[in-house]
Every structure is written in structure tokens, then in C-alpha cells.
Amino acid sequence: MPTDAFEVRPVAHVVGGHSKPADDFQGGVRSIIRLDEEYPLETLQGIEEFSHLVVTWHFHLASPTDVALHARSPRNNADWPATGTFVHRNHRRPNQLATSFPRLLSVEGRDLHVTDLDAVDGTPVIDLAPYFREMGPRGAVREPSWPTEMLGDYWRDADSR
């Protein structure tokens, strides 16, 4: 394990939206990313021109004991192959960080109103930026079939539960 540690402080927090973590039904939920008071409002200047954000956040409800440094089947489903820790996108990662791409609906002062953010109320936001299409993946995207099978209901509207 690397020994070079560094401190990261949140720049914002999630307000509202999901009240508890869930594996699916993340779509259609509105929440707010509220910029912390220590950052001047001008740090958000121009962000309203973008449709989507890149949000890096911390799984703050997870415990360090949740980290799983071994191969396992996604969602413990034996129909899907055992894959390593860095192939999963959940809280069992060493730094318990996630990246999401919510749609930006509006900006009101320090509040970024978004939808489809798969973080819960109170989540610390480590960093945020606008999504630039030009910095997205280049070339064809390749993946095995199990993520499509596993995530079929991921963006289904939460109110359809």
C-alpha cells in the first residue's frame, strides 16, 4: 500500500435528493450541490452554461471496514464474473470515492440544482467541474455484458420503486 497520504477537504455538500444509498433507481431525483461558504461565488461563474457536471464525492456513510481488496462477483451475483476491486464502482474501494455526471438544472447563488446525482443527502463533494464532451472517452467504448445487465434499472426513476 502506498504511504504518500494527502488531505482532501470537501468543496461542497449534497442537500436533499436520495436519503439512503441504493444500487438502482437513481434517476429523476433532484438535489442541490451547495458550495461551501469559504469559496467565493465567482468560483462558479459561467458554470450555468453547461448541461452536465463531473462530481467527485466521498461515500461518507461507508466504513473503512467495507473496503474489499479482492476479486468478487458484482452484487454477489454468481452469474457475473469475479472482478477486482478497481473494476467495481462502489464504496468498497480504498479511498471510497465516486464520480458522477449529473445534469445541471439551474444555479442559485451557491446552490447548483441537479438531477440524476447518485449521492445521498449530506454527501461531501470533493471536487466538481463542468463536463466537457471533448474530454470524454475517445474511440469506441468496450465493456463486457455484465455491467449492462447489472445496471438495467440504475437510471430508472426512483419514484417507480
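Predicted model: local features only at pLDDT ≥ 70, side-chain atom pairs only at ≥ 80, totals over all residues.
Trainee: Which residues of S3 lie on the covered face, and which on the uncovered one?
Mentor: The general idea comes first. In a regular strand, side chains alternate between the two faces of the sheet. Now the case here. Leu53, Val55 and Trp57 make up the covered face of S3. Val54, Thr56 and His58 make up the uncovered face.

Trainee: How many residues does the largest nonpolar core have?
Mentor: Again, the general idea. Nonpolar side chains tend to be buried together in soluble globular proteins. Here the largest nonpolar core has 20 residues. Among those with the most contacts inside it are Ile33, Leu53, Val55 and Leu128. S1 (12-15), S2 (30-35), S3 (53-58), S6 (111-115) and S7 (124-130) each supply at least two residues of this core. The largest share, three residues, comes from S3.

Trainee: What is Val55 in contact with, leaving aside its neighbours within four places in sequence?
Mentor: Its contacts include Ile33, Ala98, Leu117, Val125 and Leu128. Thr99, Ser100, Pro102 and Asp127 are also in contact with Val55.

Trainee: Now the backbone. What is the phi of Phe25?
Mentor: Start with the rule. Most residues other than glycine have a negative phi. Phe25 has a positive phi, near 60 degrees, and is not a glycine. Phe25 lies in the loop between S1 and S2. Its relative accessible area is 15%, so Phe25 is buried. Asp116 also has a positive phi, about 65 degrees, and is not a glycine. Asp116 lies in the loop between S6 and S7. At 25% relative accessibility, Asp116 counts as partly exposed.

Trainee: How many aromatic pairs are there?
Mentor: To describe such a pair, give the distance of the ring centres and the angle of the planes. The count here comes to four aromatic pairs. One of them is Phe101 with Tyr131: 6.0 Å centre to centre, 90 degrees between the planes, edge-to-face. Phe101 lies in the loop between S4 and S5, and Tyr131 in the loop between S7 and helix H1 (146-150), so the pair ties together parts 30 residues apart in sequence. Phe101 is partly exposed at 44% relative accessible area, and Tyr131 is partly exposed at 32%.

Trainee: How far apart are the ring centres of Tyr154 and Trp155?
Mentor: The centres are 5.0 Å apart and the planes stand at 90 degrees, so this pair is edge-to-face. Tyr154 is buried at 17% relative accessibility. Trp155 is partly exposed, with a relative accessible area of 46%.

Methods. Residues numbered from 1 in each chain as written. Heavy atoms only, no water. Core = buried A, V, L, I, M, F, W, Y, C linked by side-chain atoms within 4.5 Å. Buried < 20%, exposed > 50% of the residue type's maximum accessible area, 1.4 Å probe, protein only. Helix = DSSP H or I, 4+ residues; strand = E, 2+ residues; numbered from the N terminus. Contact = heavy atoms within 4.5 Å. Phe/Tyr/Trp six-rings, centres within 6.5 Å; stacked < 30°, edge-to-face > 60°.
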